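Student: I've got a model open and some labels I'd like to understand. Can we go through them one by one?

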Amino acid sequence: MKFLINLAIMFFLLINIFTANTQSLIQTSCKKAAARDPKLRLDFCIKSLEGHQRSKTAQSLGELATASMKNAGMRSRSLEAKADKILEEKDYGKNSVLGMVIKDCAMIYKDNAVTLKEAVTSVRVRDYKTAIFVMSSALNATRFCETRFETRDPPRISPFTRDNEFLTQMILIPLDFTKMLK
């Protein structure tokens, strides 16, 4: 009986140490990344990573980078679904400029999900240059979606503005982490 109690206490202590190390990794990594990149919001970085199970179990900066890439990829897929839903709910017609812009954004989000998967693979094989390149292209594509609405004549309000700001931050996290690995 005493053995089981001691085993339970050891298990509890190990879990606490593991959790503390992961939180420390997240906070330290986010602080370093935010110090290097003024566009990255420290509070968003920490909350975003602490809110996802993949990030909580990361044991290294590389694992944290790939976990955050996967999170950004999932977010891109959900934005693709949102764009598709907007297109289904509203009849824009064949020649609707706004409909074409929304379709472009849906394609951007779909491509981003694929691009971020490629970045995960690149980091796993320590090809940081490729990972940085493909994440930068995903970041630029997300910004391009927003620009397509702003440059219309007359300018339109994007239904994705808030989502794109969120996704931009989600892509900046692994991008900055990968730059730290380089």
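Tutor: Start with Cys30 and Cys45, which are both buried, meaning under 20% relative accessible area, with over 50% exposed and partly exposed in between (1.4 Å probe, protein chains only). Keep in mind that this is a predicted model, where local features need pLDDT of at least 70, side-chain atom pairs count only at pLDDT 80 or more, and totals for chains, interfaces and linings use all residues. Residues are numbered from 1 along each chain as its sequence is written, and side-chain values use heavy atoms, leaving out hydrogens and water.

Student: What makes Cys30 and Cys45 a disulfide?

Tutor: The rule asks for a pair of cysteine sulfur atoms within 2.5 Å, and Cys30 and Cys45 sit at 2.0 Å, S to S. The torsion about their S-S bond is about -75°, so this disulfide is left-handed.

Student: How do you know that Cys105 and Cys145 form a disulfide?

Tutor: Their sulfur atoms are 2.0 Å apart, which meets that cut-off. With 105° about the S-S bond, this link is right-handed. Cys105 lies in helix 5 and Cys145 in helix 6, so the pair ties together parts 40 residues apart in sequence.

Student: Why is Cys145 called buried?

Tutor: Its relative accessibility is 0%, so Cys145 counts as buried.

Student: And why are helix 5 and helix 6 called roughly antiparallel?

Tutor: They pack at about 165°. Angles under 35 degrees count as roughly parallel, over 145 as roughly antiparallel, 65 to 115 as roughly perpendicular and the rest as oblique. Helix 5 and helix 6 are therefore roughly antiparallel.

Note on methods: Axes fitted to C-alpha atoms, helices over the stretch in contact; angles between N-to-C directions. Helix = DSSP H or I, 4+ residues; strand = E, 2+ residues; numbered from the N terminus.
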